[in-house]
Amino acid sequence: MLLIASGVLAPLIMIFHPTAQGADMAARLTRLSEISALSRHVHLAMIVCIIALWLSLAHLARRWPGNGWVWAAMRLYTLGAAAMLGAALISGFLIGDYLQRVLPLIPLAEDALPSVLLAFSANQVLAGFGTLGMSAGIVLWSVAMLRHAGPLAIACSAYGAIAGLLCLIGYAMGMISLDVPGMTFVVVAQSLWYCLLGLWIVRTSPDVTTMTSPDDGQRV
């Protein structure tokens, strides 16, 4: 249920993602400082969703003991989620806090531009790595689900492979840029897979997988 709830909330949160508009760079930097409070709330909510998704998948991965595809998928997803958390912290907290502190101290707002561009570059690098890692994890996890029968499992597996590859290839080839619209596309594409996977687990649990006891390695 946490997987489904997080998958539904993540795209809704992106609707409220603020953008800085202005006639020139000084106006945009000033506006970026003004909307920093909203940006913090939006990114904090997204951080909570990322952590909830990671915890859900990490718990679920324990139900596939000995499956190499899930083992690799979870570790790639973990790397991607960690990078995405870094991107959200930079965009939602670091940039706004920096501008609020530095703008009153400098004669021209444009003087803060080099530092803001550096932070934005870091945000884009981390968001790109996060997109690649999380999407690769989704693809591998979807491959692991091919052994499960049923229309919902097949739909989740097929969609996850297609959506994950689309995000991977699209970003790698420059067709997906990680501005607000591009990031929204990635979030929506991945969120549908989370919902399908969560729905499949709800429909089939507890018989979908065999759990292994960490103490003796025996089936329970």
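M46 is buried, with a relative accessible area of 11%. All of this comes from a predicted model.

Colleague: Why is M46 called buried?

Modeller: Buried means under 20% relative accessible area. M46 has 11%, so M46 counts as buried. You'll find M46 in helix 3.

Colleague: And what does M46 touch, leaving out residues up to four places away in sequence?

Modeller: A10, I13 and M14. For a contact, heavy atoms have to be within 4.5 Å. The C-alpha atoms of M46 and A10 are separated by 6.4 Å, with the two residues 36 apart along the chain.

Colleague: OK, over to S6. Is S6 buried or exposed, and how do you know?

Modeller: S6 has a relative accessibility of 4%. The limit for buried is under 20%, so S6 is buried. S6 belongs to helix 1, which covers residues 2-15.

Colleague: What makes the pairing of S6 with L2 a polar contact?

Modeller: The distance is one part of the test: a polar contact needs N or O atoms within 3.5 Å. Here a polar atom of the S6 side chain is 2.9 Å from the backbone oxygen of L2. Since 2.9 Å falls within 3.5 Å, the pair passes that part.

Colleague: Which residues does S6 contact beyond its neighbours within four places in sequence?

Modeller: C49, A52 and L53.

Colleague: V8 is in helix 1 too. Why is V8 called partly exposed?

Modeller: Partly exposed runs between the 20% limit for buried and the 50% limit for exposed. V8 has a relative accessible area of 42%, so V8 lands in between.

Colleague: How do you know V8 can be part of a surface patch?

Modeller: Patch residues need over 30% relative accessible area, and V8 has 42%. Together with L9, L12, I15 and F16, V8 makes a nonpolar surface patch of about 500 Å².

Colleague: Now the inside. What makes a group of residues a nonpolar core?

Modeller: The residues must be buried, come from a set of types such as Leu, Trp and Tyr, and be joined through side-chain atoms within 4.5 Å. The largest one here has 44 residues, and L57, Y77 and W193 are among those with the most contacts inside it. Helix 7 gives this core its largest share, ten residues.

Colleague: What does W193 touch, neighbours within four places in sequence aside?

Modeller: L57, I138, W141, S142, C156, Y159 and G160. Apart from that core lies another, of eleven residues, including I95 and V116.

Notes
Residues are numbered from 1 along each chain as its sequence is written. This is a predicted model: local features need pLDDT of at least 70, side-chain atom pairs count only at pLDDT 80 or more; totals for chains, interfaces and linings use all residues. Side-chain values use heavy atoms; hydrogens and water are left out. Helices (H or I, at least four residues) and strands (E, at least two) are DSSP runs, numbered from the N terminus. Buried means under 20% relative accessible area, exposed over 50%, partly exposed in between (1.4 Å probe, protein chains only). A polar contact is a pair of N or O atoms within 3.5 Å; within protein, one must be able to donate a hydrogen and the other to accept it, and residues adjacent in sequence count only if both atoms are side-chain atoms. Patches are made of residues with over 30% relative accessible area and no salt bridge: like charges are joined within 9 Å, nonpolar side chains (Val, Leu, Ile, Met, Phe, Trp, Tyr) within 5 Å. Accessible areas come from the Shrake-Rupley method with a 1.4 Å probe; for residues, only the protein chains shown count as cover. A salt bridge is a side-chain nitrogen of Lys or Arg within 4 Å of a carboxyl oxygen of Asp or Glu.
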